[in-house]
Amino acid sequence: MLSASVHNGGSTGPETAPTITKESLKEHLVDPRVGMFIECEAKGNPSPVFSWRRNGRFYNVPRDSWVSMRRWSGTLDLGFGTARRPEEYEAEYQCFATNDYGSAVSNKIQLKVSKSPLWPKEVLEPVAVNVGFPLVLACNPPGLPPPQIFWMNSSMMPIPQDRRVSMGVNGDLYFSHVTVNDSLTDYSCNARFLATQTIQQKSPYTLKVLTTRMVAETVPRFLTPVGTSSSKVVLRGQELILECIAAGFPAPVIRWLRNGDDVPPRKVKLGNFNKTLRITRTTDDDTAEYTCIATNRMGIIRHVINVQVKVAPYWVEKPTNLIVAPDENGRLVCRANGTPKPTVQWLVNGEPIEVARPNPSRQVSGDSLIFRSVQVGSSAVYQCNASNDYGYVLANAFVNIVEAAPRMLGPRNQLVKVIQNNRTFLSCPFFGAPVPDLRWFRDGIALTGAQYRINQNGTLEIRRARTDDQGYYTCVANSRMGRAENHVRLEVKEPTRITRPPQHLTASRGSLAKFDCRPKYDVTLSITVTWLKDNKPASLGWRLRKEDDHLSIPGVHRGDEGKYTCIIKTELDEVSASARLTVIDRPDAPTDLELSDPTERSVRLTWVPGDDNHSPILEFLVQYEEDRWASGRWQNLSSYPGNLNSVILQLKPFINYQFRAIAINAIGWSRPSRPSQRYQTSGAPPDAIPANIRGVGYRRTNMEISWQALKDTERNGPYLRYIVWWKRRDSREEWKNATTYWLRYYIYDTDTFTPYEIKVQAMNDFGLGPESPVIIGYSGEDWPLAAPTNVRVSHTESTKATVHWTPVPQSSIMGELKEYKVYYWRDSSLLPWLGVRRDRKNRGFYAISERPWGVVTGLTPYSNYKMYMVVANNRYEGPPSTTIEFQTQEGVPGPPRSLRIQQRHLDTLYLDWDRPAEPNGILTGYTLKYQAVNGTRGGTGRLQVVTFPINVTSYSMRRPDRYTRFKFTLAALTQLGAGEEHSEESPHYTNEAYSREQVDIATQGWFIGVMCAVALLVLILLIVCFIKRSRGGKYPVREKKDLALDEVDEKDEDGSFDYRSLERINRVSTLPYPKRDEDGRQTRASQGQASQDGMVKRQDSDDSLVDYGDGGDREFNEDGSFIGQYTGKKDRDDADCNESLDATTPINAIYSLA
């Protein structure tokens, strides 16, 4: 057989038969725009040669110039052009990979070419249909695979779909009945092709609806499926879609049954307004009879769909490669299952075993292929094909007949780590033909017993690994061809556990959720902690934070809801624990609002409730918006229990309604639903009566009739106005009326305070509303004409007095009696020395008896009061009555104005107080109560009571110790008893200690002695100071002055003084030291003169010093030394002495004696 082949090139290693490693799908769809190819790759040694079959016949690839085979594989690249269309490649292909040991075969690949997604050019005639008749607009989209279909108009707006109009699974648009509003010229079917991301549009339909006088209601009938029963086959695991669309007027309601019962809601999903039943993944249990029921008020019809779930073949035991030595036996097993039961066929190197070269060593027995006493040279690749009406499965198995010495295939001296108490497998892969005998040893001892088991592939199984099982193990393979061995070291580790697993949480939205996950593991192993959310890795970040042993989720929301799994993983084992987070939230908004059953003043509203988000819906709130009076403002209409989703709404006339629904649970309100379509109610006369009708006069000769306006929703029609009716009460005159658009109407030229019967009636363009009940109104009031008489006070107490008076005639009130009002004021106190404020107060009494009376409260005791009374209507007060006088009785006094507590000594408290601001009578004394609080015993002391006469306003008491505090309560007394109390507490000890130190220092003997000594010293100092001022203080000045004048007499002839002589004197006086001899002579020569100057010429000396010291002329002193020695000393002496002494002090006497 000729073949097109490509070799993979030379390879090393053991020789093996071909094995298919990659191939295209059984249903292979190709798009010519992105390239056309069929994959087939295989491995083997020697490298396999590839060949193809097309539709069961050999396909000579090299002779087809449009087809090429890729290098190093059997993949076909399919070309096309003007001479070869892509559709010509559509066929069944099968790939063969062949080498010296046999041929491996791929699945049969059915190639399909994706069709061009373009509608054929066509001109669609307008579709004319009578109103109320059903209609189907076909779509028939092109292309493969099927595109996504949606219907739109020329404005690219979706065609609204509901229970009457909907799209079928095949893309057609179904009308259960057409209405006048369905007349459009642009019904367009649009197809979206996911593979090319393009949208194609079919030529639009033009629909003309023919109107008739009456539209007859019709019994439902099915548009799809046709008839009363049908059947459907679906493969297990695939999606089942059942569709049921019915025609009829009114639009039928669809309901589904499964074997006569309601469909299970958890598995079955209903959509497209219950017209579609969908099961995402079918199982054998879904084989049943599904009944579709269509009902309207004209009748009911049924359609039964018999669903059969079939199963394509699947493997129960797949054949595997077999290696046998010459003269040995073997078996290939091929077991498959399906519905119906699949048929098994064996092939050799791609050819049916029945037509292959006979081989006496093999035999087909049921689902097995048995080999006996095989011989070298009979190696081949066998295929098992299991098929039924719904598919097939194909498997390749290589039977290799070879003779070889034992050898180990696995790594040598392998280290195996296992978890304690786990089933452990120590592998020892080996090869040999014939099959060697394999045994395991530990420390030279063969392993046997219940704890150990050696499998056919050479693996040692330790049923339960313990710490004692750690150590070195040896596997030995023996056959007639030789011997081979390998070693394995086993380490047993402590298992990983989760000591604190996460727990199920129910959290409110916005709260913190926290999942624990604390592990315990073998310290010689490293661990990784991974969190999954709904079996996918959790997105850790600022919201989902993984801590050491927990996962925290702050501010949870509905997106956080799901199953959280903590995975603790080591290199040997892995443990996990899961918990579910349930977020309680507000419900989802209702959807699919629909209006039906319209009447003049009601309509039925139906909706689909949203998810309650784990908190049951308690009620639904229906709101409305109308575009006439309050456009855009939503208002509450009514609320309904949470188990309802279809209600009758009571409406008002002449309103263009639009509705929405809000679901409410324990957490809060959902978002509002999308608004329903609008519904306009017809107009009607007003139903409501104007409220709060009043007739009030604001002048003597008029009356204002006012009322409350009807609500906008109570107008019931356009141009709302009011008819006002009135007439004088108890008269025979006819009703008068007037029409107004306002909310008040005035009647003029009325008598003063005259009763009128009034009623108001609303009306609009549709008619008159009901009349209101008759109410009584009064015209305006005037000033009362008379004053109450015989005003008197019959009984007085300390704070209240009873007033009596004679009422005025009703006719003199000139209106409705409002009250009798007394005006009163405190004129003086009965205590002559107490001044008062004459603030006027008033009190009203409503009394209609012949002998009315009232009580005036809040009076001040022991006072003189004056009072007069007036009568008042709703607008005016009448003339005052005669002013009367009365006195209040003596009462208990008010609180003392102050209570002062002083600490004058460590053990004495001194209290003084002032009399009350309001004695309320003649004071008779004071009562003082006191008791120890928070004392040394920690409790409250015994209450002491002391009474004082009126002239005593102070009190002293000794305290037991410095830490005891007292609470004092003082009250003034009259003949009626004690008045209001004034309370104070004694100060704390910290304040007392400071006072004690101040007092104690002044009373200490040592302090008094020190102060006396200081005073004596000050007295002596003052005496010395004055003596020095009168004598010794003048000597230095006179010496220097006399010395200068004796040696150099620089006076002018007229007796004036030459200031330059002062400079010489200054220069002499500022020498650092005087000459002793000269100073001595000068001193002796001047002593006598100094004494006389001290007594006789004192005034001259003083004058000369004053001139120098106090003159303030400093320009004559160039270096300032004269002022420093003479005027400075004089100033200090004068400051020390003259400031504190007077000429008449005793010091002057001492001075005269000196």
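Author: Contact here means heavy atoms within 4.5 Å. Please keep in mind throughout that this is a predicted model.

Reader: Leaving aside its neighbours within four places in sequence, which residues is T565 in contact with?

Author: T565 has its place in strand β57, which covers residues 562–569. Once the neighbours within four places in sequence are left aside, the residues in contact with T565 are T530, W531, L532, S576, A577 and S578.

Reader: Does T565 count as buried or exposed, and which side chain makes a polar contact with its side chain?

Author: Buried means under 20% relative accessible area, and T565, at 6% relative accessibility, therefore counts as buried. The polar contact made by the side chain of T565, at 2.8 Å, is with the side chain of S578.

Reader: Turning to the cysteines, how many disulfides does the model have?

Author: A disulfide is a covalent bond between the sulfur atoms of two cysteines. With a cut-off of 2.5 Å between the sulfur atoms, the count comes to 6 disulfides.

Reader: How far apart in sequence are the parts that C139 and C189 tie together?

Author: The sulfur atoms of C139 and C189 are 1.9 Å apart, and the two residues form a disulfide. Because C139 lies in the loop between β13 (135–137) and β14 (148–152) while C189 lies in strand β17 (residues 188–193), the pair ties together parts of the chain whose separation in sequence is 50 residues.

Reader: What is the handedness of the disulfide of C139 and C189, and are these residues buried or exposed?

Author: C139 has a relative accessible area of 0% and C189 has one of 1%, so each of these residues is buried. The torsion about their S-S bond is about -60°, and the disulfide is therefore left-handed.

Reader: Where in the chain do C244 and C292 lie, and what is the torsion about their S-S bond?

Author: C244 and C292 are joined by a disulfide with an S to S distance of 1.8 Å. This pair links distant parts of the chain, 48 residues apart, with C244 in the loop between β22 (240–243) and β23 (245–249) and C292 in strand β28 (residues 288–296). The disulfide is left-handed because the torsion about the S-S bond is about -90°.

Reader: What is the S to S distance in the disulfide that joins C334 to C384?

Author: C334 is buried, and C384 is buried as well. The torsion about their S-S bond is about -65°, so this disulfide is left-handed. The S to S distance between C334 and C384 is 1.5 Å.

Reader: Which residues touch the most other members of the largest nonpolar core?

Author: Among the elements that give two or more residues to this core are β1 (16–23), β5 (49–54), β8 (76–78) and β9 (92–99). Of the 27 residues in the core, those touching the most other members are W52, L76, L78 and Y93.

Reader: Which residues does the second, separate core include?

Author: This second core is separate and has 22 residues. Among its members are M167, C189, F193 and V209.

Reader: Which annotation covers residues 1006–1027, and how far apart are the end C-alpha atoms?

Author: The unreviewed UniProt entry annotates residues 1006–1027 as "transmembrane region". Over residues 1006–1027 the chain is 100% helix and 0% strand, and the distance between the end C-alpha atoms is 32 Å.

Note on methods
Residues numbered from 1 in each chain as written. Predicted model: local features only at pLDDT ≥ 70, side-chain atom pairs only at ≥ 80, totals over all residues. Heavy atoms only, no water. Helix = DSSP H or I, 4+ residues; strand = E, 2+ residues; numbered from the N terminus. Buried < 20%, exposed > 50% of the residue type's maximum accessible area, 1.4 Å probe, protein only. Polar contact = N/O pair within 3.5 Å; in protein donor to acceptor, adjacent residues only side chain to side chain. Core = buried A, V, L, I, M, F, W, Y, C linked by side-chain atoms within 4.5 Å. UniProt positions renumbered as here; feature names shortened; annotations may be inferred.
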